[in-house]
Amino acid sequence: MSDTPSPFFTYDDDPDAPGWKRWAFRDPTRFNSFLEPLRVRLEGEVARVQMLPRHEHSNMRDNVHGGALLGFMDVALFAAARAFGVLQAGGAVTLDLSAQFIGGGRIGVALEARIELLRETSRMLFLRGLIVQENTPTIASFTGTLRKSSPPPGFGTVP
């Protein structure tokens with residue numbers, strides 16, 4: 001995979017967290033910005049993707065809302081695929097995402113998706129992961145399938 005800069009995302013070293021990359025949408029009006037900032041790190045065969053849940057991610061119990069967790073899982077699949085070097089931004093779509101909620105996530109404490117690439121074919125990526133928080137039992141488990149597609153118009157041209 002070439003490391004051509006994307007017009008849609010940044011994927012750069014995070015100056016505030018050595019060893020981590022920043023994964024950010026260049027357009028702050030898109031859904032992804034609701035979850036950002038995101039950090040990504042590859043450790044062996046596991047991609048770690050982090051977000052910091054804020055009040056707007058909370059439910060009535062002051063835990064992370066299930067919808068915010070599902071959104072994070074989906075975005076984390078793409079960030080992980082980028083970290084694994086099997087996908088550039090914008091070159092895939094989610095075919096399925098299956099989640100099992102196990103416990104509540106706390107607001108203000110980093111959430112981490114730990115994702116494994118189970119298999120890559122010419123058109124598909126099969127991944128699985130866990131959502132965890134420090135000093136908390138597992139919050140959720142999930143699996144997802146991404147279908148590689150043609151990049152959207154304008155891909156490969158950085159403004």
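I'm working on a predicted model, so local features need pLDDT of at least 70 and side-chain atom pairs pLDDT 80 or more, while totals for chains, interfaces and linings use all residues. Residues are numbered from 1 along each chain as its sequence is written, and side-chain values use heavy atoms, with hydrogens and water left out.

**Q133**

I looked up the polar contacts of Q133. Its side chain reaches the backbone oxygen of R106 at 2.7 Å. A polar atom of the Q133 side chain also lies 2.8 Å from the backbone oxygen of V109. I placed Q133 in strand β7, residues 124–133 (helices, H or I, of at least four residues and strands, E, of at least two are DSSP runs, numbered from the N terminus). Buried or exposed, I wondered about Q133? Q133 is buried, with a relative accessible area of 5% (buried means under 20%, exposed over 50%, partly exposed in between, with a 1.4 Å probe and protein chains only). I then listed contacts, meaning heavy atoms within 4.5 Å. Beyond its neighbours within four places in sequence, Q133 touches P53, G105, R106, V109, A110, L111 and I139.

**Core**

Next I checked the largest nonpolar core, which has 35 residues (a set of buried Ala, Val, Leu, Ile, Met, Phe, Trp, Tyr and Cys residues joined through side-chain atoms within 4.5 Å). Two or more residues each come from β3 (38–43), β4 (46–51), α1 (66–84), β6 (111–120), β7 and β8 (140–148). Helix α1 gives the largest share, 13 residues. F72, I115, I131 and L146 have the most contacts inside the core. I followed up F72: leaving aside neighbours within four places in sequence, its contacts include L35, L38, V49, L111 and I131.

**Hairpin**

I found β3 and β4 paired in the antiparallel sense over six bridges (pairing needs at least two bridges found by DSSP). L42 stands opposite A47 in β4. Two residues lie between the strands of this hairpin, where G44 takes a positive phi near 65°.

Which loop holds D62, I asked? D62 lies between β4 and α1. This residue is not a glycine, yet has a positive phi of about 60°. D62 is exposed, at 52% relative accessible area. I noted N135 too, in the loop between β7 and β8. N135 has a positive phi of about 60° without being a glycine, and is exposed at 73% relative accessible area.

How values were computed: Polar contact = N/O pair within 3.5 Å; in protein donor to acceptor, adjacent residues only side chain to side chain.
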